[in-house]
Amino acid sequence: MGTVDLAMPISLQPQALLSLLQLASSALPVGAYSYSEGLEALVEAGIIKDKLSLEHWLQQELQVGAIRLEAALMIRAYQATQAGDRPALRHWNAWLSASRETEELRQQSWQMGYSLGRLLQELQPNLAPVIQACGEPCNFAIAFGIAAASWQIDPEAAILGYLHSWATNLMNAGVKLIPLGQTAGQRLLVELQSCLSDATGAILVLKDEDLCSCGWGLAIASMAHEVQYSRLFRS
């Protein structure tokens, strides 16, 4: 992957901007709202108990966690779609499935990927062969990359949108679970902006041989959530 001048502002045509807003919206019917990605178990254990501890968790995930890896594979699906390289789509989809450390995280990625893939095929039937080339099941990050490339969204903007959508979903989970007020949740998103931007810059130049994550905390939280007695979220 080539280097990118992050000092240059992102430039999006109005249609591409609207497409990104739609793709990253919490209204996208993929079921993201039903997942907490282990957050519910962390709140139950008292590890996350306020805005500060939630912000710290999200920052660490953006810097070294699984979401960074997901976004890196999303952009590889983006590039493969642009190049018409369907074997690469299948490769990266299988790679992402294999990297999942728990059943809950894998099922979340597959379910959301299935929902987005089905939606894309209904909106643009010509994308059906591209989605099907990924193999089944298709991960959400891969389907997101296909959509972003097909809708001609700038790659840096696509990563920012993907990360912001993830952060918004977990912020909303934190508002319900901790609980936090809505204003505290919005303040958290504002304070995460520089971290989201830094993560985007790092992901854009990440080489294939450097694809990794330090997600053992997330994996432990996810495994604990699988057997949690009382819970609101699917994962």
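## Salt bridges

A salt bridge is a side-chain nitrogen of Lys or Arg within 4 Å of a carboxyl oxygen of Asp or Glu. Side chains of opposite charge can pair when their charged atoms come close. This is a predicted model: local features need pLDDT of at least 70, side-chain atom pairs count only at pLDDT 80 or more, and totals for chains, interfaces and linings use all residues. Residues are numbered from 1 along each chain as its sequence is written, and side-chain values use heavy atoms, with hydrogens and water left out.

The structure holds five salt bridges. One of them joins R100 and E70, with the closest N and O atoms 3.1 Å apart. R100 sits in the loop between α5 (86-99) and α6 (103-123) and E70 in helix α4 (residues 66-83), so the pair ties together parts that are 30 residues apart in sequence. Helices (H or I, at least four residues) are DSSP runs, numbered from the N terminus; strands (E, at least two) are defined likewise. R100 is buried, with a relative accessible area of 12%. E70 is buried too, at 10%. Buried means under 20% relative accessible area, exposed over 50%, and partly exposed in between (1.4 Å probe, protein chains only).

## The K51 network

K51, E55 and E191 are linked in a network of salt bridges. Within it, E55 meets K51 at 3.4 Å, N to O. Both residues lie in helix α3, four residues apart, about one turn of the helix. E55 is buried, with a relative accessible area of 10%.

K51 also pairs with E191, at 2.7 Å, N to O. E191 lies in helix α10 (residues 182-191) and K51 in helix α3, so this pair ties together parts that are 140 residues apart in sequence. E191 is partly exposed, at 33% relative accessibility.

Helix α3 spans residues 51-64 and also holds H56. H56 is partly exposed, with a relative accessible area of 46%.

## Nonpolar core and surface patch

A nonpolar core is a set of buried Ala, Val, Leu, Ile, Met, Phe, Trp, Tyr and Cys residues joined through side-chain atoms within 4.5 Å. The largest one here has 77 residues. L23, L62, L116, I142, Y162 and L163 touch the most other members. Helix α9 (residues 155-177) supplies the largest share of this core, 12 residues. L116 is in contact (heavy atoms within 4.5 Å) with L23, L28, V30, F140, A143 and F144, leaving aside its neighbours within four places in sequence.

On the surface, L17, L18 and L21 form a nonpolar patch with about 300 Å² of accessible area together. Patches are made of residues with over 30% relative accessible area and no salt bridge: like charges are joined within 9 Å, nonpolar side chains (Val, Leu, Ile, Met, Phe, Trp, Tyr) within 5 Å. Accessible areas come from the Shrake-Rupley method with a 1.4 Å probe; for residues, only the protein chains shown count as cover. L17 belongs to helix α1. It is partly exposed, at 39% relative accessible area.

## Two buried serines

S222 is in helix α12 (residues 216-226). It is buried, at 1% relative accessibility. A polar contact of 2.7 Å joins its side chain to that of T102. A polar contact is a pair of N or O atoms within 3.5 Å; within protein, one must be able to donate a hydrogen and the other to accept it, and residues adjacent in sequence count only if both atoms are side-chain atoms. Leaving aside neighbours within four places in sequence, S222 is in contact with G38, T102, E104 and L105.

S34 lies in the loop between α1 (14-23) and α2 (39-44). It counts as buried, at 13% relative accessibility. Its side chain reaches the backbone oxygen of G31 at 2.7 Å.

## Backbone features in loops

A cis peptide bond joins E136 and P137, with omega about -5°. P137 is in the loop between α7 (128-133) and α8 (140-150). Another cis peptide bond joins I178 and P179, with omega about -10°. P179 is in the loop between α9 and α10.

E37 is not a glycine, yet its phi is positive, near 50°. E37 is in the loop between α1 and α2 and is buried, at 13% relative accessibility. Q152, also not a glycine, has a positive phi of about 55°. Q152 is in the loop between α8 and α9 and is exposed, at 66%.
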